[in-house]
Amino acid sequence: MLVVATAALLGASLVTPVATQAAIPSITIWVDAPRLPGAQLYAQVMKGKVNVNVQLHAQGDLVAKVQLFNTVKKGWPDVVFGPPNDVAFLKNPLVNDALQLDKLQSASVWKAFGHGNDWCILDGHYYCVKNDLAQTVLWYNKTLMTQFGYKIPTTMAEFVAIGLDVAKNHPGYSLGSLGDQAGYSSFLEPSQCPLNVAKSDTVVVINSKDSHCTRVATTLQPLIDAGVLDVRSPFDAGYIKDVAQAGKWLMNIGPSWWGQFVLRPASSYNIPAGAVATAPMPTWPGETKGYSGEYGGGIYTVSPHSKYPKEALAFAMFMDGDARNIVSVKNPDGSHGAPTYPAYGPGNKLWVAAVAKDPYYAQNIVPAFDKQAQLIWGGTKPVRYDANGAWGASFATEIAQSKNLQKAIDAYATYTSNAATQVGYAVVSK
Amino acid sequence: MSIDFKKKVPVVGKEPRKRRRKVGIGHYAVNVWLIFWAVLSVIPMLWLVLAPSKTDREVSYKNPLSFASFHGFVRAWKNLQDFNSGVLAHWVINSITYNAAIVLIASVTASLAGFVISASRIRFKKAFLISTLIMMLVPPVALVIPLFIEMNKVNLIDNPLSVILISSLYPFGAFLSYIYYSNTIPPEIYESARLDGCSDFQLYSRIAFPLSYPLLALLGFFAFVGNWGNYFMPYIMLPSPEHYTLPVGLGALFFSTPAINPGNGGTSVPILKPEIALAGILVAVPVMIVFLISQKRLIRGMLAGSIKE
Amino acid sequence: MSPGRRNKPKNLLMILMLSPYLLLLFLFGVLPLIMAIINVPSKSPSNPNGGWHVFKIVLHDFRLVPAMWHVLGFMALFVPLMILFVVAMSMMLDVNSAPWKKWVRLAYIVPACVSGSVAVLLWYVLLEPTLSPFKGVMHWFGITQATQIWKTSNLTYILVFMAFFALAGQWILIQFGSLQSISTEILEAARVDGCSQFQLATRIKLPLIRKYVIYMGVLVFAGGLQIFVEPQLLNSSVYHGIAQQWSFDQLSYSLAFDNGNFGEASALSLMLLVPSLIGALIVIFKTDMFEDVTLKSSKKIKKEALEREAVKA
């Protein structure tokens, strides 16, 4: 015990006592590397008003550590940036680290989100603030589309028709790939396939035999068989090399960050300037609206253990809606502003102004973003199991092996049904 | 052939062996195999060393083992170094100080323990060895939560001492020391020394310690290798970034880059494959340096042993 | 003076030298282990009323049986491969002591120098047929697509490969060190008697370093059973999710940190400890691991070896 006793004494002297000035609220913020400049700027802005302690943490760190904090009943950060699914886990009464936010700011602010913060509504209340939207749109290579004489598809039937024509007349060209979560956000989710539809904290709909799922399989299977829809991951080095960098990328359905971070970088798809354009989502047969899926899009959660929840929420709103972060903050790579489409309406108005003028794109990519931002399919809800990792664990390997889309969807459903049951969900088919 | 114990203390090192009488093809084959395996082991590191000379695009395009330009290293280093106003240096310093303390405490306590168990006639020897063995076999996941609670009780969460103390428990080293001492020093030696009036401490300082250099080099080396790359314990015990070690800091930085996690979406942090590779070298080089140092010690220790003979 | 009275105060010194380690062992080994055992029946989401039937709950986890097959398959390859390879390599290194071998030994530990997030990238690149420095070899074997490598049915081989590369070098070092501690006289004597290098290795050296080999065997066995780092690395790479809860330890980790079921996690960990421990204890008690008279037994071996040689001659 001697060692520990001395260690404790040493420890006490080594740790600088936390400043406990009652006058100034103090909050601890966890953000990942891309959000760090904005958070540091906020700390500066708030100097003298709020003590802001900014900490660099990997996304998802809180989920890994919150159980430890709960065990010793301290250590919770006030506000945290994390991956979208974390809110279900944090809100769970057994974990209890996501505060209900409704009353912390005025209803008009919530209203300004439009549908942008729908993801964070659980049981009719706000439990997080969406940082950015990753709504899918149709990304296409305008140069090639014109050259081949194709019209931009507005329905899935047209999408398939183009695909089959490409296979016949322009073999080698690609309409994208679906071998990971992309398969979900680009096709299954827009088709309203119920694979992660949480009805409540304890009931989830997972049904790969639902007609909204099977129609995806029957519609896309010919494209897979024809090789125009790749079964590899869109990030697969082989796909990038054989297709994207070989100039064979014709179009694909992808999230709003696709242009800047996948299509554009020289080390990624490397699509030349002046070619990339966006269009709204093609509609599935019998639908009037072309829904989007979502691939990514981080959230902020506030801890119920925070002494200053209002100040904590204010940070999230600064990141989401303040021009100083959205437009001006200087990033490590020399660029300015937030990297992705802000979820907050007034915020994204500021953001899109800069993107709309970006000469890299063949035309203004923003209208499709704005349209789809209000059309993200609301069926997918946060769940307490790793619904995203499950795409790699089940769907991706199955489709790589059998190249059979329905089989791969079934594999995902089986895997997540097990995972959901394990954490206490009742899995239902409707 | 009679075996005289005093002379027959298995020498720690060995005198230079006599010239080989016949050098057959077998020897060449063995040497070729040894070198082949060495080359195979080094190629991944070679890739890490060469990757920062390229841009992220060139990493995908150029020959994996080609060299592009020195400027690449400068650029990758600048990107790493500029991140969060040079926090990288801070992580390096943390890693070095924690590890120095761990290696010291772990090696000393383990070697002393190994010596005592091999030299003394303490009763609970077997119980001791079995409990040490159990500690080596327990999955670390089982202990993390109790350790966290324990450290919280003494207010050491977020204090580097927590990691230093926990990591200083070195059952692997204690066991290794026990085998080492019991293999190199026969009990008869202690017996006769005791008869000559040596105290137990003198048994250590005069007999065991002079023979311990290779052991200490081995212990120090493995303690260092085991802890330098350790992610789990500092990750759990030290949540504040100012206490991050190099592996934890790099983890927080890298796991959000598209080079490792493309599905995470956009980033404006210029940390891609070349930068990660450069950081990898940064982590690996100290291990190799420590190896070379301890290897030298090891040989010197062996010579010292044989001269005494 | 009776030996008993002489020894008493001296034992005190011995205990004093032992105590720092003992203290660490108690505080950071025994005590948390006891706490872990006590925590097993505590209340958790999947065990709302608490109780020891948590073991049963863990055994019914749908991920347990797949994890078991994964780990057993892994160990069937990994454990024998490690032991045979490491012993053979260290014997080869010990054949003669050329100065260049120092660099060879350094080369062997190089793979162990890369860890954590860097290892994620490195293994991703190594296994990716378009990026890998070994892509020539891969293409020669007809592997040109990542999907040929990155599939769940290949994980066992990939993980054996990863763990083997990361760990073999360190064990070669240890076994080489143990070979170095063999007396030259014995080796010379055997050589004079006309022992070939191969006979020297299998009949003289191997019995003499038996203890170290057993020690390694136990730890490699336990390490294999508890494989965690390698699948976790694969799982956090570009192909996120591919090795999710692949091994026992990953499952245990997930139970603790994803599900907050600390009791279940401890229960699984303790179940894992049992086979390692039984294996270790059997091996150790069946051998002379704990015998004081180390030298006597090694003397016996040496004598036998020499006698055998004499008979041959």
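The structure is a predicted model.

In chain A, five strands form an open sheet. Their order is E2-E1-E3-E12-E6, and the pairing is mixed. Strand E2 (51-56) and strand E6 (129-130) of chain A lie at the edges, each pairing on one side only. Within the sheet, strand E3 (residues 79-82) of chain A pairs with strand E12 (residues 299-302) of chain A. This pairing is antiparallel and runs over four bridges. One residue pair can be named here: Gly82(A) has Ile299(A), in E12(A), as its bridge partner. Helix H12 (residues 309-321) of chain A packs on the sheet. The helix touches strand E1 (26-31), E3, E6 and E12 of chain A. The direction of H12 makes about 170° with that of E12(A).

Chain C contains 15 helices and zero strands. Of its 313 residues, 60% are buried. Contacts in chain C were also sorted by sequence separation. Among those between residues at least 6 apart, 67% join residues at least 24 apart.

Val65(C) belongs to helix H3 (residues 64-94) of chain C. Val65(C) has a relative accessible area of 42%, so this residue counts as partly exposed. Patch residues need over 30% relative accessible area, a cut-off that Val65(C) passes at 42%.

Technical notes: Residues are numbered from 1 along each chain as its sequence is written. Chains are lettered from A and ligands numbered from 1 in the order in which they are written. This is a predicted model: local features need pLDDT of at least 70, side-chain atom pairs count only at pLDDT 80 or more; totals for chains, interfaces and linings use all residues. Side-chain values use heavy atoms; hydrogens and water are left out. Two strands pair if DSSP finds at least two bridges between them. Helices (H or I, at least four residues) and strands (E, at least two) are DSSP runs, numbered from the N terminus. Contact means heavy atoms within 4.5 Å. Axes are lines fitted to C-alpha atoms, for helices over the stretch in contact, and angles run from 0 to 180 degrees between N-to-C directions. Buried means under 20% relative accessible area, exposed over 50%, partly exposed in between (1.4 Å probe, protein chains only).
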